[in-house]
Amino acid sequence: MNIAEIAKLAGVSSAAVSRYFNNGYISEEKRERIRKVVEETRYRPSLQAQTLRTRKTRLIGVILPKIDSAAAMGSVVAGILSVINDNGYHMLLADTQSDPGKELEYLVFFNEKQVDGVILVATVFTNGHKKALKEMIVPVVIVGQTLPGYHCVYHDDYHAFYDMTRLLLEKGRRHLGYVGVFHHDRAVGLERYQGYIDAVKDQGLEELAQCHVTADFTIESGYEKGGELLERYGNLDGIICATDSIAIGVLRFLKERKVRIPQDVMVTGQGDSTLSQVVSPALTTIRYSYVESGSLAATMLLGLLEKKESAMKEIKMGYSIVERLSTGVSPQ
């Protein structure tokens with residue numbers, strides 16, 4: 001079977017069949033006739049021929065650090081897929097296992113016209129990344145971070161953690177501590193930490209700015225660093241954590257030592273993960289719109305590919321605080 005034969009069976013022109021397979025405009029009546037013939041004949045167009053003719057692969061490269069590091073990663077990918085699947089594209093997913101060198105390798109690979117565009121998820125940008133991005137000939141959209149000169153969809157990390165810190169202060173907690181991650185991750189590391197710092201300083205509690213430790217993105221590290229935080233800074237009555245995984249590790253450490261939560265110590269996380277809802281006590285956390293951020297990034301990229309978007313655009317996503325038993329509030 002070829003396009004001309006499909007056109008003959010459907011009673012349409014070869015141009016209409018070509019537009020059908022390339023997501024071009026045709027009337028609904030013609031589209032339905034072509035669809036029926038395609039289903040009956042099980043015709044599949046040659047991807048290689050389409051690529052040679054249109055110079056498009058219909059592939060989107062997605063690079064992320066580690067898909068199982070947080071539920072957020074899977075949610076962002078689900079959002080991306082919801083858009084590209086509906087628009088006739090396919091995904092090439094590159095899980096770099098948090099190796100910056102692998103991220104650079106995939107950028108080079110994707111740039112050699114293996115894909116039509118690239119979405120970077122939660123990338124920590126080094127000088128090597130910035131150099132590689134300048135050499136990209138395919139459009140790039142960034143999710144979860146910002147980088148001047150590039151299209152970005154990101155979250156309001158600073159105000160989310162400012163508000164979470166204020167929540168605990170308003171509950172009368174005056175001996176807070178913070179468990180964060182490395183600051184070269186601007187969004188999760190620096191912006192969230194700065195929100196905590198400014199909130200305690202605005203309440204005249206500058207000394208609490210020093211009450212912090214740095215963890216990895218794991219429950220085990222949260223357990224270890226929660227103990228380190230308490231050993232360094234004594235009896236705290238509230239611990240704010242950069243992620244749910246870290247917070248769950250802190251909860252485990254406190255419970256093993258018979259510390260009452262939230263009576264003695266309140267604990268908060270970020271991500272509204274499934275674990276945050278089932279751990280005991282249920283974890284107060286910050287909810288981001290991860291699926292929506294993925295779908296917006298994919299929509300932005302497709303706009304670039306279709307020449308509908310050209311000016312640099314940044315979209316800042318909102319957030320909400322979900323209060324649960326770890327701060328003394330039973331969810332409704």
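Start in the middle of things: the largest nonpolar core has 70 residues. A nonpolar core here is a set of buried Ala, Val, Leu, Ile, Met, Phe, Trp, Tyr and Cys residues joined through side-chain atoms within 4.5 Å; buried means under 20% relative accessible area, exposed over 50%, and partly exposed in between (1.4 Å probe, protein chains only). Select Ile-80, Ile-119, Val-121, Val-179, Tyr-196, Ile-239 and Val-267, the residues with the most contacts inside this core. Now colour helix H13 (residues 290–305), which gives the core its largest share, eight residues. Helices (H or I, at least four residues) and strands (E, at least two) are DSSP runs, numbered from the N terminus.

A word on what you're looking at: this is a predicted model, where local features need pLDDT of at least 70 and side-chain atom pairs count only at pLDDT 80 or more, while totals for chains, interfaces and linings use all residues. Residues are numbered from 1 along each chain as its sequence is written, and side-chain values use heavy atoms, with hydrogens and water left out.

Zoom in on Ile-119. Leaving out residues up to four places away in sequence, its contacts (heavy atoms within 4.5 Å) include Ile-80, Val-141, Ala-297 and Leu-301. There's also a second, separate core of 19 residues, with Ala-94, Val-118, Ile-142 and Leu-147 among them.

Next, select helix H6 (residues 100–111) and helix H7 (residues 127–134). Their axes, lines fitted to C-alpha atoms over the stretch in contact, sit 10 Å apart at an angle of about 5°. Angles run from 0 to 180 degrees between N-to-C directions. H6 and H7 are therefore roughly parallel, a label for angles under 35 degrees. Show Pro-100, Glu-103, Leu-104 and Leu-107 of H6 against Gly-128, His-129, Ala-132 and Leu-133 of H7 to see the contact.

Ser-98 is partly exposed, at 46% relative accessible area.

Then jump to Asp-272, in the loop between strand S9 (266–268) and helix H12 (274–278). Is Asp-272 buried or exposed? Asp-272 is buried, at 15%. Phi of Asp-272 is also positive, near 50°.

Last stop, two cis peptide bonds: Ile-261 to Pro-262, with omega about 10°, and Ser-280 to Pro-281, with omega about -5°.

Notes. Parallel < 35°, antiparallel > 145°, perpendicular 65-115°, else oblique.
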